[in-house]
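I would ask you to bring up the model on the screen, and I shall then go through its local features and its domains in turn.

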Amino acid sequence: MVSYGKRLACLLVAGTIYPAAFLLSALIQYRGTEFPPGIDQPLKARICQTGLITGLILGIVLEELGLCTFPDFLRLWTNGIPPRRDLSLVIQNEKFDGVPVRIYSSRMVPTTKRKAVLYFHGGAGIFGSIDAYERILRHMAKEGDATVVAVGYGLGPENPYPNQYTECLKAAVYLMKHGEDYGVDSSRIIISGDSCGANFATRICQLLVDHRDLPKVHAQALIYPGLQGMNLSLPSYQQNCRSPFLWKKLVAYFCCRYLNKSTSFTNDLLKGSHVPKATRVKYQKWVNANSIPEQFKVRGYTEQDPSLSHFNPQLHEEMKELLSENISPLLAEDAVVCKLPQTFLLTCEFDVLRDDGLLYMKRLMDNGVPVTWSHVENGMHAIMLFFGYGILSFPSAERIVHDVTNFIRRL
């Protein structure tokens with residue numbers, strides 16, 4: 001817990017250096033961020049990208065000064081503006097087996113036997129909160145004709161990996177066992193999330209397939225999921241390495257922060273030096289650019305020669321969790337994937353994680369799992385967080401929220 005004195009010091013220092021940080025951020029985004037033709041509202045995206053980089057710089061400076069941690073500041077920076085009170089919803093803060101959750105129920109939907117959406121928010125497992133998703137979650141509850149349960153899992157690095165998966169699983173099992181206490185039909189639970197939250201949702205669904213003492217998950221809804229830490233050179237990583245909001249190097253950086261490892265590993269992770277040859281050979285059938293449809297390679301792609309990747313045993317030992325089925329649920333066996341429920345999967349064209357979603361969709365379809373796919377041609381990673389902000393919102397954010405809500409409503 002950050003003391004009042006440190007909070008005040010953080011505000012004073014951040015306010016003092018903000019102008020310089022903002023100007024530096026504007027220069028960084030101008031020289032380092034790409035806005036290819038077709039991207040959604042590039043001028044507005046430039047402004048928002050500058051704001052994100054400013055937050056990253058301020059967080060790093062304040063951490064170096066010992067005033068607060070980088071994740072703490074980033075959480076505050078990304079929480080957003082609270083929406084006004086909505087009298088059409090009942091919002092409750094509860095705990096499911098010790099895990100904080102927030103429940104959104106529409107007053108217009110009958111109070112018994114509702115379907116439910118169990119939602120895991122994104123934020124690389126180290127920042128983000130239910131508050132940042134408030135507008136989205138309220139919209140899902142009202143327009144999706146569902147009770148929405150948002151899970152406030154413990155963020156890293158204070159809550160070490162794999163605590164996030166443990167808490168998400170505990171919340172899911174509790175809702176399935178006690179759904180009737182909240183007016184929920186336990187046979188109609190949809191597990192959903194975005195970015196790393198979609199990673200949690202994917203893995204939790206996999207872990208639940210053989211729980212015979214629980215109802216089956218009704219559906220999963222995955223929004224621009226990150227599903228593997230083995231190959232960070234897929235076409236989408238090359239094409240969108242400098243796209244707004246989540247660029248290639250930031251993925252590796254967040255992986256290090258999430259696992260509480262040195263960020264000096266970032267460049268070697270991007271080269272794939274943490275992956276043994278045997279592992280690469282074993283999983284190339286599932287994590288391979290050849291499985292990406294050709295239409296997604298037209299913006300350019302250079303095939304990588306695996307022999308050029310110099311395996312580093314020490315790095316592998318430090319970062320081997322990236323190859324586990326928790327962080328890389330794309331590597332789960334067919335015997336698990338074939339049992340998964342009907343799936344909504346959304347990808348964005350200008351997103352480094354696009355191909356994770358495409359590869360998982362192929363695995364699901366190859367195993368006979370029904371898939372509803374939405375591809376947002378002008379969308380970027382994390383753009384959904386701007387939903388409901390009026391002039392600061394993006395059409396692609398509106399489409400993402402509406403597409404997933406429509407899927408939920410039709411179930």
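Helix α13 is mostly covered, with ten of its 13 residues buried; buried here means under 20% relative accessible area, exposed over 50%, and partly exposed in between, using a 1.4 Å probe and protein chains only. This is a predicted model, in which local features need pLDDT of at least 70 and side-chain atom pairs count only at pLDDT 80 or more, while totals for chains, interfaces and linings use all residues. Residues are numbered from 1 along each chain as its sequence is written, and side-chain values use heavy atoms, with hydrogens and water left out. Helices (H or I, at least four residues) and strands (E, at least two) are DSSP runs, numbered from the N terminus.

To return to α13, the helix covers residues 354-366 and reaches 19 Å from its first C-alpha to its last, close to the expected 18 Å. That expectation is 1.5 Å times one less than the number of residues. Among the buried residues of α13 are Arg354, Asp355, Asp356, Tyr360 and Arg363, together with Leu358, Leu359 and Leu364. Against which elements do the buried residues of α13 pack? They pack against α6 (196-208), α7 (235-239) and α12 (334-337), and against the strands β6 (219-223), β7 (342-350) and β8 (371-380). After α13 comes Gly368, with a positive phi near 80°.

I turn now to backbone geometry. Most residues other than glycine have a negative phi, and most peptide bonds are trans. In this model, a cis peptide bond joins Gly156 and Pro157, with omega about 0°, and another cis peptide bond joins Tyr161 and Pro162, with omega about 10°. Pro157 lies in the loop between β4 (146-151) and α5 (163-178), and Pro162 is placed in the loop between β4 and α5 as well.

Positive phi values also occur in residues other than glycine. Tyr224 has a phi near 30° and lies in the loop between β6 and α7. Phe245 has a phi near 75° and is found in the loop between α7 and α8 (248-258). Are these side chains' residues buried or exposed? Tyr224 is buried, at 2% relative accessible area, and Phe245 is buried, at 9%.

The largest nonpolar core has 135 residues, of which Phe120, Ile191, Leu208, Phe254, Met384 and Ile400 touch the most other members. This core draws at least three residues from each of domain 1 (4-68) and domain 2 (85-410). A nonpolar core is a set of buried Ala, Val, Leu, Ile, Met, Phe, Trp, Tyr and Cys residues joined through side-chain atoms within 4.5 Å. Ile191 touches, among others, Leu118, Phe120, Ile204, Leu208 and Val217, where contact means heavy atoms within 4.5 Å.

Finally, the domains, whose bounds come from an automatic or database domain assignment. The centres of domain 1 and domain 2, taken over C-alpha atoms, are separated by 26 Å. Their contact takes 20 residues from domain 1 and 21 residues from domain 2. Between them the domains bury about 1,600 Å², 60% of it on carbon and sulfur atoms; buried area is the accessible area (1.4 Å probe) that two parts lose on being put together, summed over both. In domain 1, Glu34, Asp40 and Lys44 lose the most area to domain 2, together 33% of what that side buries.

How many salt bridges are counted between domain 1 and domain 2? The count is two, a salt bridge being a side-chain nitrogen of Lys or Arg within 4 Å of a carboxyl oxygen of Asp or Glu. The side chains of Glu34 and Arg242 also meet in a salt bridge, at 2.7 Å from N to O.

Notes:
Lists of a residue's contacts leave out its neighbours within four places in sequence.
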